[in-house]
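Subject: A structure for you to explore

Hi there,

Here is the structure I promised to pass on to you. Have a look around it first, and then read on for what turned up.

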Amino acid sequence: MTDNGTGTHGAVLQDGTPDEGGPLVELRGAGKSYGNVRALHGVDLRVHAGRVTCVLGDNGAGKSTLIKIISGLHQHTEGEFLVDGRPVRFSTPREALHQGIATVYQDLATVPLMPVWRNFFLGSEMTKGPWPVRRLDIHRMKRTADEELRNMGIVLDDLEQPIGTLSGGQRQSVAIARAVYFGARVLILDEPTAALGVKQSGVVLKYIAAARDRGLGVIFITHNPHHAYMVGDHFSVLRLGTLELSAERGEVGLEELTNHMAGGAELAALKHELAQVRGVDVEELPEEGDLTAPVAPSPEGDS
Ligand SMILES: Nc1ncnc2c1ncn2[C@@H]1O[C@H](COP(=O)(O)OP(=O)(O)O)[C@@H](O)[C@H]1O
Ligand SMILES: [Mg+2]
């Protein structure tokens, strides 16, 4: 395993011991075809406890297909998929969940008008009392949700507020804390920062790091190399369904990572072309890595 020398990342568990264990989840030459469409081919991936594995790639690269295999939504059609070193083939997400593999999807499965604490326990409510008179244990659910959110460093004013009133970053954070509480060992995040602004993305990245520090193996899907590089220990770049790059943090810099992302070379070419067009100031164009960052209108604009 590569020592990246940063001291803050790498194969070190929460209590400071190095992660000597094998991967929690591993793909070996895995692939998936939808009928005639080969969405993924020959992919190797290892997810270790206490580490963040970033999966990058442009739209259509196969990122969602990859995590659908691991989360039990789809089955691989080639290669191997192993959990704790044993080959598996999940038929439902519930089977993956039973092995501790939890997925936070971009379109979070929350009920916007229900309170935060209620959403935290959605589908796994705490109850009290013996069977025919069993009822929701509201007090315990509220207290536990509050404790768990605080444990992750998430401080909300009021857990009674509808979850729909939280910011996108906060909602993602609650979903992460929820997965941790319900015993996830592997946490899959499908583009959690894609719809968020810079500040909200920072909030989510912070909780990705918190989940890692609690010893989870995190799979972070993104097409933003900056976000990936802030928390990642390993980077796997997909392009047209195959691995274009698989590198430890110590083996690849942010600039190189950005160039590996689809769009890097194309943007450079586009910039060059635009330079020939009068009236386009190429110096003002975003850099390659800024492609996904929203460009805020400047208040002292020339209108
Ligand atoms: N259910 C499906 N049926 C047929 N083709 C699919 C299906 N899901 C994804 N694909 C195709 O597989 C490729 C990879 O898609 P996807 O995994 O969604 O990529 P990403 O998440 O990186 O954008 C694309 O060409 C897409 O059109
Ligand atoms: Mg996708």
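A residue is called buried if 20 or more other C-beta atoms lie within 10 Å of its own. By that rule, buried residues make up 38% of the 303 residues in the protein chain. Please keep in mind that this is a predicted model.

Overall, the protein chain has nine helices and 12 strands. Of its contacts with a separation of 6 or more, 69% are between residues 24 or more positions apart.

Let's begin with a sheet. In general, strands of a sheet pair through backbone hydrogen bonds, either parallel or antiparallel. Here, four strands form an open sheet, the order is 2-1-4-5, and the pairing is antiparallel. Strand 2 and strand 5 (86-87) are at the edges with a single partner strand each, so one side of each has no neighbour in the sheet.

- Strand 1 (residues 25-34) pairs with strand 2 in the antiparallel sense over seven bridges. Ala30 has Val43 in strand 2 as its bridge partner. In the hairpin of these strands, two residues lie between strand 1 and strand 2, and Gly35 takes a positive phi near 60°.
- Strand 4 (residues 78-83) pairs with strand 5, again in the antiparallel sense, over two bridges. Leu82 stands opposite Pro87 in strand 5.

Next comes the ligand. Which residues are around ligand 1? They are Tyr34, Val37, Ala39, Gly57, Asn59, Gly60, Ala61, Gly62, Lys63, Ser64 and Thr65. Strand 2 (37-47) and helix 1 (63-70) are the elements that give two or more residues to this shell. Helix 1 provides the largest share, three residues. By type, the shell divides into four nonpolar residues, six polar and one charged.

Helix 5 (residues 168-181) and helix 6 (residues 198-213) pack at an angle of about 10°, and their axes are 8 Å apart. Angles under 35 degrees count as roughly parallel, so helix 5 is roughly parallel to helix 6. On the helix 5 side, the contact is made by Gly168, Gly169, Gln170, Gln172, Ser173, Ile176 and Val180. Helix 6 contributes Gln200, Ser201, Val203, Val204, Tyr207 and Ala211. The residues of this contact between helix 5 and helix 6 comprise six nonpolar, seven polar and no charged.

Enjoy exploring!

Best wishes

Technical notes
Residues numbered from 1 in each chain as written. Chains lettered and ligands numbered in written order. Predicted model: local features only at pLDDT ≥ 70, side-chain atom pairs only at ≥ 80, totals over all residues. Axes fitted to C-alpha atoms, helices over the stretch in contact; angles between N-to-C directions. Parallel < 35°, antiparallel > 145°, perpendicular 65-115°, else oblique. Contact = placed C-beta atoms within 7 Å. Nonpolar A, V, L, I, M, F, W, Y, C, P; charged D, E, K, R; others polar. Near = placed C-beta within 6 Å. Pairing = 2+ DSSP bridges. Buried ≥ 20, exposed ≤ 12 C-beta atoms within 10 Å, placed from the backbone.
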